[in-house]
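Have a look at the fold before reading on.

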Amino acid sequence: YPNPVQNAFTLSGMNLERAEIFTTTGKLVRSISLNTVNTVDVSDLTNGTYIIKVYSENKAAITRFVKQ
């Protein structure tokens with residue numbers, strides 16, 4: 001949250017390990033270790049829709065977010 005995002009967003013959950021951000025065409029634009037940081041800075045990404053995949057304990061969750 002929040003969504004849409006302007007500069008940064010926060011991921012919440014238990015035992016988050018890492019996250020990957022992709023364009024809607026599937027290009028990986030960022031890989032983030034979440035061991036200590038759950039706030040993700042996306043201020044340098046261009047405006048548009050992105051897909052984020054979050055890994056936690058050998059599981060993955062996928063969602064979309066909009067960068068404004």
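Among contacts between residues at least 6 apart in sequence, what percentage join residues at least 24 apart? In this protein the figure is 50%, with contact meaning heavy atoms within 4.5 Å.

A word on ground rules. This is a predicted model, where local features need pLDDT of at least 70 and side-chain atom pairs count only at pLDDT 80 or more, while totals for chains, interfaces and linings use all residues. Residues are numbered from 1 along each chain as its sequence is written, and side-chain values use heavy atoms, with hydrogens and water left out.

**The overall picture**

There are 0 helices and 6 strands here; helices (H or I, at least four residues) and strands (E, at least two) are DSSP runs, numbered from the N terminus. Read from that end, the order is simply β-β-β-β-β-β. The radius of gyration is 11 Å, close to the 11 Å from the globule rule for 68 residues, so the protein is as compact as a globular protein of that length. That radius is taken over C-alpha atoms, and the rule is 2.2 Å times the number of residues to the power 0.38. Along the principal axes, the C-alpha atoms fill a box of roughly 30 × 20 × 15 Å.

Of the 68 residues, 34% are buried, where buried means under 20% relative accessible area, exposed over 50%, and partly exposed in between (1.4 Å probe, protein chains only). The protein exposes about 4500 Å², and carbon and sulfur atoms supply 49% of that; the areas come from the Shrake-Rupley method with a 1.4 Å probe.

**How the strands pair**

Two strands pair if DSSP finds at least two bridges between them.

| Strands | Direction | Bridges |
|---|---|---|
| β2 and β3 | antiparallel | 5 bridges |
| β2 and β5 | antiparallel | 7 bridges |
| β5 and β6 | antiparallel | 9 bridges |

Strand β2 covers residues 16-23 and β3 residues 28-33. In this pairing, Glu20 sits opposite Ser31 of β3. The two strands make a hairpin with 4 residues between them, and Gly26 in the turn has a positive phi of about 95°. Strand β2 also pairs with β5, and there Arg18 has Tyr55 as its bridge partner.

Strand β5 goes on to pair with β6, with Thr49 opposite Val66 of β6. This is a hairpin too, with 2 residues between the strands.

Glu57 lies in the loop between β5 (48-56) and β6 (59-67) and is partly exposed, at 47% relative accessible area.

Asn15 is another such case, with phi near 55°. Asn15 belongs to the loop between β1 (8-10) and β2, and this residue is partly exposed as well, at 45%.

**A buried threonine**

Is Thr23 buried or exposed? Its relative accessibility is 18%, so Thr23 counts as buried. Thr23 is part of strand β2. Leaving aside neighbours within four places in sequence, Thr23 is in contact with Val29, Tyr50 and Ile51.
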